[in-house]
Every structure is written in structure tokens, then in C-alpha cells.
Amino acid sequence: MDWSAIREEYETTDISLTDLADKHNIKYPTIKSRKQRQSWSKDASLSVKDASNGDKDASQKRRGPPKGNRNAAGHGAPKGNKNALGNSGGAGGPYGNDKAVTHGFFRKFLPDDTAEIMDAIEDRSPLDMIWDQIMIQYAAILRAQQIMFVKDSEDVTKVLTESADNAFGGSEKWEYQHAWDKHAAFMNAQSRAMTTLQGLIKRYEEMCRLGYADEEQQLRISKLKAEVASMDKGKMAESVVFKDDLHE
């Protein structure tokens, strides 16, 4: 599929996205997703070209009221009016003006940064949103490898839970987290996180089968599945090694 040529045809002609999908035998959700992700846009010169091809007679017609017409007499601003003084025109209201915000209703109640995020993700397809969730979950799993890593059976963590000073001296209470407890907590957390990730991947694949994904999106989920499968095998091997270490 020559997506470069398809994009060029969309951007340089007046063909609609629906007609373009039919012409190249592409499912509409697929081509729509591609358009959104790559920011396809119609060539502005098309509108100028269309306007220039209008009725020549119409362009020669006299514009404005006929000579001597006084319908607008007295309707202008009075002499000395300064309402527009200092107004240089421009694109409209100031940044953040509710009239220029798609989610103006929400901006009344949500923080500005939240409303800006909503504006940014408005054009993202459901498939892209699921992919975002997959990436966030996958990144959290990889980060947990460093935070919850247990070196060996001697890897004990000592945590101060209580400290007090009195007339008889100071007192402290410590909590010991042994290697097997930390490793068990890590494995349980990892298992739950992997189950969530695999569920997201399954939903993504289902949408691919329904025709909502292009070739690039299908390839990236295949690559991710291979990485997750490799991680599963690695964690199983690590768990076996750790158990053997405990029995030594």
C-alpha cells in the first residue's frame, strides 16, 4: 500500500476521505486513523482555485449599495467614538477564552492543564487510546524491575517504623522485610500487572481484526507481543533460580 501517494492525492485534490477509501479499497476507520495520526490536511490552494473558477459574470457585478443609497446613513459610530481605540484586531479572544475551546463546558470545572489534555486527545482514535494504555502499563512493569528487584536470599530491608525520645532514653521500632517476602510481593504485583497488559493487548488485537488498524499498527502490536512473551519466560526462569537459592 503506497500511503505516500494516497496522502498526496487527499491533500492535493478535492476527493473526500470516504471516496478515497473506496477508490483504494481501504476500510474507512483505517484511513481515518492514518489521517489523524499523520495530520493530513487539504491544500489551501484548492479553496483559492475553486473560488477563482466561479461565475465570471458574478465577479463583474457591482458590489455594495446602488449610487445614492442612504439605508446606512446614521448607522455608523458617532463622531469621536473611541470604543475600538487600540484594538488591532487579530485571531479573536485571548488564550484560554472559553468560546475558542472545544471543551468549553469542562473548562468551567476542570483545571486548565486537564482541559488542554482533553483538547489534545480529542482527535485520537479509540485504537490509539488503547495503545497509549498499553504503553503506560508496559512502562510501569519495566520500571518495577528496578524498584522491586531482590538480589538474593540475603537481601533484607530494614525500615524504621517508630521513634520516640523520653526520660529513659530513646526508643525505636524497626520492620524487617526479608528477601522471600519482598520477592513474593514483587511476583504478585508483576502477575497482576501482566494480566492487565495482556487484556489490553487482546482488546487491541480484536480491534485490528475488525479492521480499525493499518499495517503499521498491526506490526507494532506483533512486536510488543513477542517482547511480553520473552519477559514472561525470563521472569519464570528468575523465579526458579531464586527458589533454588533459598533452598541452598
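# Exercises on a predicted helical chain

Lys32 sits in helix 3. The model is predicted, so to speak "as computed": local features need pLDDT of at least 70, side-chain atom pairs count only at pLDDT 80 or more, and totals for chains, interfaces and linings use all residues. Residues are numbered from 1 along each chain as its sequence is written, and side-chain values use heavy atoms, leaving out hydrogens and water.

## Exercise 1: Lys32 and Ser125

Work out whether Lys32 and Ser125 count as buried, partly exposed or exposed.

Step 1. Grab the cut-offs: buried means under 20% relative accessible area, exposed means over 50%, and partly exposed lies in between (1.4 Å probe, protein chains only).

Step 2. Lys32 has 36% relative accessibility, so this residue is partly exposed.

Step 3. Ser125 lies in the loop between helix 7 (112-121) and helix 8 (126-147). (Helices are DSSP runs of H or I with at least four residues, strands are runs of E with at least two, and both are numbered from the N terminus.) With 11% relative accessibility, Ser125 is buried.

Step 4. Now look at what Ser125 touches: leaving aside residues up to four places away in sequence, Ser125 is in contact with Ser33 and Gln36. Contact means heavy atoms within 4.5 Å.

## Exercise 2: Two packed helices

Describe how helix 1 and helix 3 pack.

Step 1. Two packed helices are described by the angle between their axes and the distance between the axes. Axes are lines fitted to C-alpha atoms, for helices over the stretch in contact, and angles run from 0 to 180 degrees between N-to-C directions.

Step 2. For helix 1 (residues 3-12) and helix 3 (residues 28-38), the angle is about 80 degrees and the axes are 12 Å apart. That makes helix 1 roughly perpendicular (65 to 115 degrees) to helix 3.

Step 3. Who meets whom? Trp3, Ile6, Arg7 and Tyr10 come from helix 1, while Thr30, Ile31, Arg34, Lys35 and Gln38 come from helix 3.

## Exercise 3: Checking a helix length

Check how the span of helix 9 compares with 1.5 Å a residue.

Step 1. The expected span is 1.5 Å times one less than the number of residues.

Step 2. Helix 9 (residues 179-209) has 31 residues, so it should span 45 Å; its end C-alpha atoms are 44 Å apart, which agrees.

Step 3. After helix 9 comes Gly211, whose phi is positive, near 90 degrees.

Technical notes
Parallel < 35°, antiparallel > 145°, perpendicular 65-115°, else oblique.
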